[in-house]
Structure formats: structure tokens, C-alpha cells
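Subject: Structure for your files

Hello,

Here is the structure you asked for. My notes follow below it.

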Amino acid sequence: MTKKTNSFEVIIIGGSYAGLSAAMALGRSMRKVLVIDNNLPCNRQTPFSHNFLTQDGQTPASIHLLAKEQVAKYETVQFLNGTAVAAKNEGNAFLIKTDLGKSYAAAKLIFATGVKDLLPEWESFDSCWGISILHCPYCHGYEVSNKKTGLLANGDPGFEFAGLLRNWTADLTILTNGRSSFSKEQQILLATHQIPVIDLEIKGITASQGQIREIHFENGTVFEPDVLYYRPPFEQSCSLPAQLGCGINPDGYILTDAFQKTTIKGVYACGDNSSRIRTVSHAIAMGTVAGLSLNRELTDESFLPAVPV
Ligand SMILES: Cc1cc2nc3c(=O)[nH]c(=O)nc-3n(C[C@H](O)[C@H](O)[C@H](O)COP(=O)(O)OP(=O)(O)OC[C@H]3O[C@@H](n4cnc5c(N)ncnc54)[C@H](O)[C@@H]3O)c2cc1C
């Protein structure tokens, strides 16, 4: 933090792609903003980020660094390295406490806090995440097209994902990690598209330097993919939106309207925490919308009469 003050028009919690994008829109609107971030973006382990115009193939860190440099040029925006650990709604101000024990106040809040992927506990699985175990073919499918591909999934979501992945590889095998729950119809379609299903329980995996090597099954057999796709369950990275009473939908995303407003007045959410579409470009677009709508709310509050004339 450069200036000694603890009162802001807006506090943004989460300073990755969505948060920095909102900060840019608000900095350009000359709003006094504090961005609190603990630097754990979900794609931090992936070597290269794809499918974002002008930044295709850049490292996640270099995109973040450039974004932060550009936002830092707006002098009303300040940054704090730390974790927001508590939030209180005190009528016309929100109070945010950090892990460093300090509290900051703001009229409005933006949560750009992302989500936390819940990976299986097999040893080495997490070391491959984003490198050879992938969540999204739009982000990484081109680079591994037609490689020997595994898909760890089952049932309706697995069937839907297999249909998508078939676009990128003719060599696709589904691993259900135990009894398959595909319907008869789905089994016939998978067979028609030459997608074998291995319904054995997985014992563990081996990997070296982020590259998955072998998947070992309980019956002693082994599958050796070049790449494995997996869509993990997730939880919100930050519990403060729920603590403040923001609505969460049944899939676990923060409920927002088209302007990124949550169900609590003055609180906005953007990026992965409130969207099923999970890409850097979409998080940035949502951050822009949050910043613009929030600035509009502030201008309306100061420009329009409290009681209609
Ligand atoms: C492995 C992997 C690879 C990916 N590859 C690509 C790709 O190639 N191309 C692409 O377009 N997309 C990719 N994505 C998706 C993309 O990374 C996300 O959509 C994007 O990072 C979402 O941005 P965000 O700002 O919403 O959240 P994040 O980038 O996850 O950032 C959330 C930020 O909030 C901070 N935070 C959370 N809670 C707190 C708190 N209480 N206090 C302070 N700070 C907090 C975190 O530390 C983090 O910095 C990938 C995702 C994964 C998981």
C-alpha cells in the first residue's frame, strides 16, 4: 500500500484477471479503489494460457503482470497483498478485515475471488493439473489434439464431455473409476464413436515433472495416456460473499444479474466465482461489466435526488 488511508469507494477482493479488469474500469472512472489479493489464481500451474486474443500462448503470470502494471498507472487504485478474512455490512459501509489484522471500509464491494478446484487425492495428480491433466479443450485441446487421451468422468456429464472432446481427438478413452453409469443409449453411441469405457477403480497415477505417465487400476492393469481431461468439483475460494448473505445458486456460483450485481445491494461478483464459462477473456469481460455498473451505481447515488423531485 502506498498511501495511508483505510477508507475507499470500492474494495475489490481478488486481484487476478476479473479483479484487475474491474479495477481498470474504476480507476479510469477516478474511483478510490483498494484491490486485496493473495496471489493464488487457479491457472497458476499451467505453463501457457490460450484462447485470448493478443495474449495467446503467454504465461498466466505474464498476462497478470502486464495487467497489474497497466492498472497501477491509475493513481486512485491501491493494492494490498493479503487475504480478506472477514466482511461486515455496517449500513452504508462494508468493513473488510485482512489476515494482517487491519480493517478497511468501502461503500461498495466487488468479489473477484475465483473458485478452488477440488482435485482427487491420488499422489501426483495435483502436480499434473493444468499441464497434462486438463479441464478445458478450448484452453489446451489444440496443443494435445489427436494424442492418446483419457477422460476421467461418468454418467451424463461424462457423456456430454466425451462428445465435445471427440472434436479434438480420435483416440479417446473414458475412465469411470468404478461402475459405469452411462445409459444403454449412451453406451451404444460411445461404441459407435469408438470411445472405449474402462470401468475399473483407479488405484493411483504416476507422473514426472507434471506429465502424467500411467494410470494404475485396482486389478493391476495400467492405462498410459498422453493427456487426461477432468472437470473437478469446486468450492468458492472465499466464504465472505456467503457470509454477507449473497445468494449462491445450486451449482455453487454466486448469483449475479447481467450487471454483475449480487443479491446484496452494493456487492458485485465477477469471474469464475459467478460463471460456468471459465476463461481468462470471459473473466476480464465480467470484470469490465462489474466496474462499469458499479461506477454507474455510484454516479446515480451522487447525481440523482434521494427523494424524486
Ligand atoms: C489449470 C487451469 C488452466 C487454465 N487455462 C486457461 C487458458 O489456457 N485460457 C483461458 O482463457 N483460461 C484458462 N483457465 C481459466 C482461467 O484461468 C480462469 O477463468 C481465470 O483465472 C478466472 O479469473 P478470476 O479472476 O475470476 O479468478 P482467479 O484467476 O482464480 O483469481 C482469483 C484471485 O482471487 C484471490 N483471492 C481469493 N480469495 C481471496 C481472499 N479472501 N482475499 C484475497 N484474495 C483472494 C486469489 O488469490 C486469486 O488471485 C484455466 C484454468 C485452470 C484451472
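**Ligand site**

A polar backbone atom of Ala84 lies 2.9 Å from a nitrogen atom of the ligand, where a polar contact is a pair of N or O atoms within 3.5 Å. On its own the ligand has 1,000 Å² of accessible area (Shrake-Rupley method, 1.4 Å probe), and the protein covers 98% of that. This is a predicted model, in which local features need pLDDT of at least 70 and side-chain atom pairs count only at pLDDT 80 or more, while totals for chains, interfaces and linings use all residues. Residues are numbered from 1 along each chain as its sequence is written, and side-chain values use heavy atoms, with hydrogens and water left out.

The shell around the ligand divides into 15 nonpolar, 17 polar and 4 charged residues, with Gly counted as polar.

**Strand S9**

Strand S9 (residues 149–152) is covered on both faces, with Thr149 and Leu151 buried on one side and Gly150 and Leu152 on the other; buried means under 20% relative accessible area (1.4 Å probe, protein chains only). S9 runs parallel to strand S10 (residues 172–175), joined by 4 bridges, and pairs in the parallel sense with strand S15 (residues 227–229) over 3 bridges; pairing needs at least two DSSP bridges. Thr149 stands opposite Leu172 in S10, and Leu151 opposite Tyr229 in S15.

Regards

Definitions and conventions: A polar contact is a pair of N or O atoms within 3.5 Å; within protein, one must be able to donate a hydrogen and the other to accept it, and residues adjacent in sequence count only if both atoms are side-chain atoms. Buried means under 20% relative accessible area, exposed over 50%, partly exposed in between (1.4 Å probe, protein chains only). Helices (H or I, at least four residues) and strands (E, at least two) are DSSP runs, numbered from the N terminus.
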